[in-house]
Amino acid sequence: MANIKFSQFTTAANASDIDYLVGYKGANNVKIDKTAVGIVPATYMMTGVFSNMYGGDPGGNLKDILEWVGSTPAANHSSTLPILQDCRIIAAGFKWISTSIHSIPVGSSWTVNLYKLNNPLTDNPTIDGNYSLVGTLNIVLTDADNGTYVGKFSSGLNLVLAAGDMIRIAGDEAGPAIGTTTDEAQLSVLFEVIN
């Protein structure tokens, strides 16, 4: 028989708050890792492309906008991703996919950041001022990456999103100006569903 009644256990809000399931077999208390019975948070991955790196269209103004769809919107359009359920971004991966190698000036940086559209149902998604910064995806390119077909990964992120949010992921420049190119890079983002 178990030493504690099941009614005395606290309730977890979602699967990520649980490490083990408990029970008993005969007079023995037992715990089972949640992954052994398939109780793990649901995840899904989305991939997009940064086109015309370092200020080209779409984006401009020291910003590159991640395009979630298979084709690049016109220069005066912008790409947002509607969020359909509560989730969080937990990891990301970046890869330079052009035939030209990466090169930016010494002292410059390019950081991948997450933004939310302030009023998702009414705001114009092409106006930078209509977005609020949520946080960084911890992917930063610098002159230390020059001469490579750079690839980077980040994990341990906890960028929380709610159903009804509309997000933009942008590469933001800092430091000396980086020359606009026709190069492209790919970004994959791992989302975890919040139950």
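Analyst: A residue is called buried if its relative accessible area is under 20%, exposed if over 50%, and partly exposed in between (1.4 Å probe, protein chains only). This is a predicted model, in which local features need pLDDT of at least 70 and side-chain atom pairs count only at pLDDT 80 or more, while totals for chains, interfaces and linings use all residues. Residues are numbered from 1 along each chain as its sequence is written, and side-chain values use heavy atoms, with hydrogens and water left out.

Start with Phe50 and Trp110, both of which are buried. Their rings form an edge-to-face pair, 5.0 Å centre to centre with 80° between the planes. Rings of Phe, Tyr and Trp (its six-membered ring) pair if their centres lie within 6.5 Å; planes under 30 degrees apart count as stacked, over 60 as edge-to-face and the rest as tilted. Phe50 lies in strand E3 and Trp110 in strand E8, so this pair ties together parts that are 60 residues apart in sequence. Strands (E, at least two residues) and helices (H or I, at least four) are DSSP runs, numbered from the N terminus. Phe50 and Trp110 also belong to one aromatic cluster with Tyr54, Phe94 and Trp96.

By the ring rule the count comes to five aromatic pairs. In another of them, Tyr44 and Phe191 have ring centres 5.1 Å apart and planes at 10°, so they are stacked. Tyr44 is in strand E3 and Phe191 in strand E12, so the pair links parts 147 residues apart in sequence. Phe191 is buried, at 1% relative accessible area, whereas Tyr44, at 27%, counts as partly exposed.

Two strands pair if DSSP finds at least two bridges between them. E3 (residues 43-50) and E12 pair in the antiparallel sense over eight bridges, and Gln186 in E12 is the bridge partner of Val49. E7 and E12 are antiparallel too, over nine bridges, with Val189 in E12 as the partner of Ala92. Seven of the nine residues of E12 are buried.

Next, the nonpolar core, meaning a set of buried Ala, Val, Leu, Ile, Met, Phe, Trp, Tyr and Cys residues joined through side-chain atoms within 4.5 Å. The largest has 30 residues, and Phe50, Phe94, Leu137, Ile169, Leu187 and Phe191 touch the most other members. Among the elements giving two or more residues to this core are E7 (87-96), E8 (109-117) and E12 (185-193). E7 gives the most, with five. Another core, of five residues, lies apart from it and includes Ile65, Leu117, Tyr131 and Ala170.
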